[in-house]
Amino acid sequence: MWVRFVGRRLWQTAPVLIGVSLIVFLTMHLTPGDPIEHMLGRAGSVTRAQIEELRAHYALDRPLPTQYALFLGKAVTGDFGPSYSQGRPVVEVITERLPATLELTLFAFVIALAVAIPAGALAALRPHRLFDRTATVVALLGVSMPGFWLGIVLMILLGLRLHWLPISGRIDWALAPESITGMNTVDALLAGDGAALRSALAHLILPAITMAAPMAAMVTRMVRSSMIGVLGQDFVQFARARGLPEWRVVGKHALRNALVPTVNIVAIQTGMLLSGNMVIEAVFQYPGIGKLAVDAIAAADYPLVQAVVLLYAVSYVGLNLAADGIQAVLDPRVREARA
Amino acid sequence: MSVDVRHEALQTVTKPLQVEERRQGAPILAVKKLRTCFDTYRGQVRAVDGISLSVRPGETVALVGESGCGKSAAALSIMRLVPPPGRITGGQVIFDGQDLLALSRAEMRRIRGRRIAMVFQDPLTALNPTLRVGAQLVETLATQGAARGRAARQRAVALLDAVGIPAAAERMRAYPHELSGGMRQRVVIAMAIAGQPDLVIADEPTTALDVTLQAQIMELLAKLKEERGLAILLITHDLGIVANFADRAAVMYAGQIVAEGPVADLVREPLHPYARGLLRCVPRLGRPDVPIHPIHGSVPDMVAPPAGCRFAPRCPEAMPQCRQEMPVLKRQPPTARTIRQNSEGESLARGGTVRRVRCHLHPGEGGNGR
């Protein structure tokens with residue numbers, strides 16, 4: 001039942017991905033800026049023939065539909081061509097940076113949910129009381145503070161003033177563990193290197209908190225409102241009437257139902273963590289995909305930008321698929337309604 | 001008083017002794033002057049305004065009234081499950097000799113399910129839609145310390161079987177929405193009796209079901225009552241169900257009990273104008289010539305209840321006194337009908353002989369206001 005449901009939803013994502021790839025391709029080619037000029041820079045001593053030769057080399061002289069077909073044909077095999085700015089295959093550049101971003105995103109995700117789910121549930125238990133009101137104000141701050149601003153404030157306070165935490169980079173280079181997964185914390189754990197682990201975690205905290213803040217705020221509000229709705233339902237009263245302890249009534253019966261609608265918000269917010277990290281990674285000089293994307297755009301590195309944007313799109317689609325799958329696990333009615 | 005003594009003597013010969021003794025024994029539940037308020041922005045709503053009632057083991061007592069009269073609030077108050085902003089402001093709920101209102105939360109939790117169980121109105125919303133019914137039943141058993149693991153599963157299947165669910169073992173894996181309304185209510189009842197309670201509070205147990213199922217569910221409750229010696233507090237607005245399944249009934253209006261007594265008396269000879277009005281609202285099958293008389297108006301605003309008798313504004317027989325002075329719930333003398341009926345020995349066991357009415361038309365025997 002569940003496998004069939006997920007299989008079907010997986011199949012439905014194919015047209016979405018094709019549409020996304022087309023939009024990515026077109027927007028890149030319709031934006032101003034000539035990649036060849038960027039590549040050659042102000043070298044000056046290049047001939048028109050050399051330019052044309054490069055253009056032909058990268059198939060930029062072909063009609064757009066042909067270029068798209070070439071791009072798509074290679075993309076499905078995982079080949080996004082060479083990066084214009086780095087001269088290496090795009091895939092290589094991205095896989096090099098991806099673990100850093102995944103690590104950061106995962107940390108932010110865990111922080112956001114670890115704060116938001118208990119906070120939302122607690123606020124719902126006593127609505128309009130002190131905790132709820134405090135959580136509301138904090139959540140409002142979390143949503144309305146721009147990420148870069150919060151990042152800078154945290155850097156100044158915890159990094160520069162108090163010297164508690166490092167303000168940039170991923171790890172103390174002297175301590176960097178041997179790369180196995182590319183995620184410093186995991187590699188440090190595998191190597192059993194406590195100092196490296198501490199350094200990696202210390203570098204993660206500030207950017208992760210900065211990224212987690214808006215997500216935690218949104219999810220707290222969502223859990224709260226959906227929990228209030230569920231707590232008013234008969235089955236919660238019936239669970240109490242059966243003599244179940246309150247923690248079980250709230251933590252199992254009510255929360256499970258309240259999380260069903262929350263899962264979608266979490267998926268969307270996680271997608272925003274991934275794609276919204278450009279600013280945060282730039283602020284914290286964190287060498288991940290976001291910073292890579294910013295650099296690639298500045299260099300009009302078509303293949304690299306295309307690949308990064310496509311990666312964002314795929315992760316969005318994947319996250320929503322995962323959300324549907326999780327909802328189907330949580331609520332049997334979802335399986336039947338959508339399968 | 002002498003009349004009562006004679007009645008009791010008669011009862012013992014007309015019904016099997018054992019059942020009779022239980023029904024005449026000490027009440028398992030005695031609610032005394034219970035008050036429950038809801039704090040709203042407009043003021044305090046006195047949803048339950050000093051009601052008293054008792055239920056004996058093996059007895060079914062109906063709490064009857066229209067929507068908003070406070071009967072569900074009364075039921076939740078007994079369970080101490082009144083949702084905020086509601087709160088119990090006074091009175092006692094004596095269950096098996098102890099006042100539930102004086103218990104700690106943990107002590108009260110051990111009463112729920114094990115000693116007092118509840119059946120809810122809508123079986124679809126009473127079950128957690130995201131969990132299999134078997135899991136919910138097993139969880140109930142485990143919480144109540146009745147059984148765990150495999151033993152709990154076996155008990156659960158036996159319970160589903162006992163409430164008349166066919167292929168019980170397979171139904172364990174069903175989700176609530178996969179069952180019909182009647183089956184769901186059977187599951188709810190199975191969960192209610194899982195802890196072998198002494199008292200079941202059934203809050204409109206058949207209101208959300210269609211008519212054919214109503215009789216089945218009520219018969220199931222009646223059967224379980226006989227088998228397990230349950231006491232049942234039946235909250236309902238359906239006088240047909242009251243007439244068929246309850247021993248005694250208390251009619252509630254605007255947070256107060258306005259009439260109380262054996263069901264036969266209520267149905268055949270209602271003394272309180274409101275009880276009379278309720279009966280005249282019930283259509284009679286095959287008697288289109290008997291007109292239906294709705295009670296006009298609606299339940300009064302309980303933030304500012306009317307002075308005097310709360311039913312007076314809607315009462316066709318209201319006198320000037322009714323609008324000034326609140327009548328007291330008073331014990332009524334036997335009428336010609338009750339004397340005749342009791343001397344014939346008919347239906348004596350059902351609900352005894354004591355009836356009380358809160359109405360200036362029936363000043364009663366004096367004293368004994370509850």
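Buried area is the accessible area, taken with a 1.4 Å probe, that two parts lose on being put together, summed over both. Between chain B and chain A this area is about 2,200 Å², and carbon and sulfur atoms give 58% of it.

The model is predicted: local features need pLDDT of at least 70, side-chain atom pairs count only at pLDDT 80 or more, and totals for chains, interfaces and linings use all residues. Residues are numbered from 1 along each chain as its sequence is written, chains are lettered from A and ligands numbered from 1 in the order in which they are written, and side-chain values use heavy atoms, with hydrogens and water left out.

## Where chain B meets chain A

Contact means heavy atoms within 4.5 Å. Chain B brings 28 residues to the contact, and chain A brings 21 residues.

A salt bridge is a side-chain nitrogen of Lys or Arg within 4 Å of a carboxyl oxygen of Asp or Glu. Three salt bridges are counted between chain B and chain A. One salt bridge links the side chains of B:E139 and A:R248, at 2.7 Å from N to O.

A polar contact is a pair of N or O atoms within 3.5 Å; within protein, one must be able to donate a hydrogen and the other to accept it, and residues adjacent in sequence count only if both atoms are side-chain atoms. Between chain B and chain A, 13 residue pairs are in polar contact, both residues being at pLDDT 80 or more.

Which elements of chain B give two or more residues to the side that touches chain A? They are strand 6 (116-119), helix 5 (123-126), helix 6 (133-143) and helix 9 (181-193) of chain B. Helix 6 of chain B gives the largest share, four residues. Helices (H or I, at least four residues) and strands (E, at least two) are DSSP runs, numbered from the N terminus.

The residues on this side of chain B divide into 14 nonpolar, nine polar and five charged. Here Ala, Val, Leu, Ile, Met, Phe, Trp, Tyr, Cys and Pro count as nonpolar, Asp, Glu, Lys and Arg as charged, and the others, Gly among them, as polar.

Two strands pair if DSSP finds at least two bridges between them.

| Sheet (chain B) | Strand order | Pairing |
|---|---|---|
| Open, four strands | 2-1-4-5 | antiparallel |
| Open, eight strands | 6-7-8-3-9-10-12-11 | mixed |

Take the four-stranded sheet. Its edge strands are strand 2 (43-55) and strand 5 (98-99) of chain B, and each pairs on one side only. Strand 1 (residues 29-40) and strand 4 (residues 86-95) of chain B run antiparallel, joined by eight bridges. In strand 4 of chain B, B:G90 is the bridge partner of B:R35.

Now the eight-stranded sheet. Strand 6 and strand 11 (329-331) of chain B stand at its edges with a single partner strand each, so one side of each has no neighbour in the sheet. Strand 10 (residues 256-262) and strand 12 (residues 356-358) of chain B pair in the antiparallel sense over two bridges. B:E260 stands opposite B:R356 in strand 12 of chain B.

## Local details

A cis peptide bond joins B:P84 and B:P85, with omega about 10°. B:P85 is in the loop between helix 3 and strand 4 of chain B. B:A167 is not a glycine, yet has a positive phi of about 50°.

Over all chains, the structure holds 25 salt bridges. One joins B:E227 to B:K223, with the closest N and O atoms 4.0 Å apart.
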